[in-house]
Amino acid sequence: MPGGRPAGFWLPEAAYPWLALATAGWDYTFTAPRASTPPMGGVDRSDPPQRMFLEDPLVRDRLAQTVTPDGLDPADFGVVFVAGGHGAIVDLPEDAHLARFLTEFAASGGVLAAICHGVGALLPVLRPDGRPFVEGRSVTAFTQAEERAVGLDGVVPYFLDEALIARGARYEAGEPFRSHVVVDGRLITGQNPASVVAVAAHAVHLATGEPLPEGWSRRAPAWAESRRASQALIS
């Protein structure tokens, strides 16, 4: 962050999408601007999905082998989740490889979901005609009111609502720190960490055609090796 404050991805915004994918029997890959384990914040081991995520040996192994987006083929994935965390608005929009990956993935018709500050990754994404991907689309993201409430309004390099609107997006904000999800075709955005359960459920339902079972967000999945032909990406 500007001024040297360290920031990474917000753990629940990766843990809940991971659990949704695992519940649906999908495989997953982690990607980040730099290879190796990315830094994380927002850790709450009293939250079962976060604890399951942290204690899963395959998750630990794959986080340690996180790859950069240029090593991935968009055609291999059916859904992409972009986790937030304040590091996301600094690093992700500046990652040309991620922008290229998301541009190609969006053009292929995959389900693209972004949560909180992770929506910043959409800023450099383009349509096939070269216009901003978010132009004319309904989206949400972490609000200025929420930035002020957490005391980082003077630290973040820009406000997401202003950056999205400058690219022609139809920005929508809900109540601070309450779940607020906007679905525009195969694009799903969530305003804040409270939105992650709904974002994950919407995205997996849209990608698979089947709703997740009731109570999925509190239940350990039965991971089936034979069903790993389906692929998903958590960024």
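Predicted model: local features only at pLDDT ≥ 70, side-chain atom pairs only at ≥ 80, totals over all residues.
## Largest pocket

The largest pocket holds about 450 Å³ of space. Its lining is made up of 25 residues, and those closest to the pocket centre are Phe9, Ala32, Pro33, Pro38 and Pro39.

Helix α4, which spans residues 86-91, supplies the largest share of this lining, with 3 residues. Sorted by class, the lining of the largest pocket contains 15 nonpolar, 8 polar and 2 charged residues.

## Second largest pocket

In the second largest pocket there is about 330 Å³ of space. A set of 17 residues lines the second largest pocket, and Trp10, Gly85, His86, His117 and Leu152 are the ones that lie nearest its centre.

The class breakdown for the lining of the second largest pocket is 10 nonpolar, 5 polar and 2 charged residues.

## Gly130 and its loop

Gly130 sits in the loop that runs between strand β5 (111-115) and strand β6 (138-139). The relative accessibility of Gly130 is 42%, so this residue counts as partly exposed; the partly exposed class lies between the buried limit, under 20%, and the exposed limit, over 50%.

Gly130 can also be placed relative to Thr103. The two residues are 27 residues apart in sequence, and their C-alpha atoms are 9.9 Å apart in space.

Definitions and conventions:
Residues numbered from 1 in each chain as written. Heavy atoms only, no water. 1 Å grid on protein atoms, 1.4 Å probe; cavity = no way out; pocket = protein on both sides within 12 Å on 5 of 7 lines; lining within 4 Å. Points joined across faces, edges and corners; volume = space filled by probe spheres on them. Helix = DSSP H or I, 4+ residues; strand = E, 2+ residues; numbered from the N terminus. Nonpolar A, V, L, I, M, F, W, Y, C, P; charged D, E, K, R; others polar. Buried < 20%, exposed > 50% of the residue type's maximum accessible area, 1.4 Å probe, protein only.
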